[in-house]
Amino acid sequence: MDKDPYNVVVSGVGGQGNVVGTQLMGMVLTDLGYKVTIGETYGASQRGGSVMSHMRISRNRQYGPLIPAGHGDLVIALEPSEAARVLGRYGRKDTIAVVNTRPVYPVDVTSGSASYPDLDKLCEKITSLCKKTYFLAATEKALELGNPILANLVMIGAVAAAGLLPITEALLAKAVSDCISPQKVEVNIKAFSAGRELISVSSSP
């Protein structure tokens with residue numbers, strides 16, 4: 001993180017756990033001595049609507065919670081269409097994106113009144129909007145561990161393995177114990193480790 005502040009946008013839809021994931025990352029970074037400000041925005045519905053968290057990280061001071069347009073350094077997207085939408089507003093030529101490739105279809109798509117973008121073309125658009133993109137089958141890996149919501153921890157593991165944020169397993173385990181439950185540490189760390197493994201085979205130039 002050469003920039004200060006380092007601006008991270010975490011995006012997804014309701015029910016994917018991106019707010020909790022952002023809180024966990026913020027707790028780890030705070031323990032490492034960073035000053036972290038988090039702001040959140042929600043779509044129309046609790047489950048299925050857009051959810052976006054802004055995280056501003058600094059060694060020097062506390063920044064306002066909202067990232068200005070065009071100033072995102074890292075986008076962590078739990079849903080591909082949300083990745084494209086967020087990068088269109090906050091991305092720039094040096095932005096890096098980590099994207100879960102499993103779509104979540106909104107009600108108008110499942111009802112047949114709208115169509116979801118072609119996934120290959122969507123991924124091409126995402127790649128065109130930033131410097132580097134990591135595409136991950138995070139939901140599939142989370143399902144192997146028994147719960148799709150663990151995709152958020154898979155994504156955090158990938159971010160750590162790519163060297164994009166200084167998140168360690170020990171500090172993450174502490175954050176999970178404090179923020180979620182001590183009983184959830186083991187499975188969340190398994191998801192974190194799975195994301196670290198995925199990153200070595202799931203990057204694009």
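Predicted model: local features only at pLDDT ≥ 70, side-chain atom pairs only at ≥ 80, totals over all residues.
Glu-169 belongs to helix H7. Leaving aside residues up to four places away in sequence, Glu-169 touches Ile-189, Phe-192 and Ser-193. Thr-30 makes a handy landmark here: it sits 139 residues from Glu-169 in sequence, and the two C-alpha atoms are 15 Å apart in space.

## H7 meets H8

Now step back to the helix around Glu-169. Helix H7 covers residues 169-179 and packs with helix H8, residues 185-199, at an angle of about 140°, the axes being 9 Å apart. The pair is therefore oblique. The way H7 passes H8 is a right-handed crossing.

Which residues of H7 and H8 make the contact? From H7 come Glu-169, Leu-172, Ala-173, Val-176 and Ser-177, while H8 brings Val-185, Asn-188, Ile-189, Phe-192 and Ser-193. Sorted by class, this contact of H7 with H8 holds six nonpolar residues, three polar ones and one charged.

## H6 meets H8 too

H8 has another partner to look at, helix H6. The axes of H6 and H8 come within 6 Å, crossing at roughly 50°. H6 and H8 are therefore oblique to each other, and H6 passes H8 in a right-handed crossing.

On the H6 side you'll find Leu-153, Val-154, Ile-156, Gly-157, Ala-158, Ala-160 and Ala-161, and on the H8 side Asn-188, Ala-191, Phe-192, Gly-195, Arg-196, Leu-198 and Ile-199. By class, that makes ten nonpolar, three polar and one charged residues where H6 contacts H8.

## The nonpolar cores

What about the inside? The largest nonpolar core has 42 residues, and the ones with the most contacts inside it are Val-8, Leu-74, Val-98, Leu-165, Ile-167 and Leu-172. Helix H6, residues 151-161, gives the most to this core, with eight residues.

Setting aside residues up to four places away in sequence, its contacts are Met-1, Tyr-6, Val-8, Met-25, Leu-29, Met-55, Ile-57, Leu-74, Val-159 and Ala-160.

## Ser-11, tucked away

Is Ser-11 buried or exposed? Its relative accessibility is 0%, so Ser-11 counts as buried; the cut-off for that is under 20%. Ser-11 is part of strand E1, residues 6-13.

Not counting residues up to four places away in sequence, Ser-11 touches Asn-18, Val-51, Met-52, Ile-76, Ala-77, Leu-78, Glu-79, Glu-82, Ala-83 and Val-86.

## H2 alongside H4

One more helix pair to finish the tour. Helix H2 (residues 80-90) packs with helix H4 (residues 119-128) at an angle of about 30°, and their axes are 9 Å apart. H2 and H4 are therefore roughly parallel. Their crossing is left-handed.

The contact is made by Pro-80, Ser-81, Ala-83, Ala-84 and Leu-87 of H2, together with Leu-119, Leu-122, Lys-125 and Ile-126 of H4. These residues divide into seven nonpolar, one polar and one charged. Ala-83, one of the H2 residues in this contact, is also among the residues that Ser-11 touches.

How values were computed
Residues numbered from 1 in each chain as written. Heavy atoms only, no water. Helix = DSSP H or I, 4+ residues; strand = E, 2+ residues; numbered from the N terminus. Buried < 20%, exposed > 50% of the residue type's maximum accessible area, 1.4 Å probe, protein only. Contact = heavy atoms within 4.5 Å. Axes fitted to C-alpha atoms, helices over the stretch in contact; angles between N-to-C directions. Parallel < 35°, antiparallel > 145°, perpendicular 65-115°, else oblique. Left-handed = near helix turned anticlockwise from the far one by under 90°. Nonpolar A, V, L, I, M, F, W, Y, C, P; charged D, E, K, R; others polar. Core = buried A, V, L, I, M, F, W, Y, C linked by side-chain atoms within 4.5 Å.
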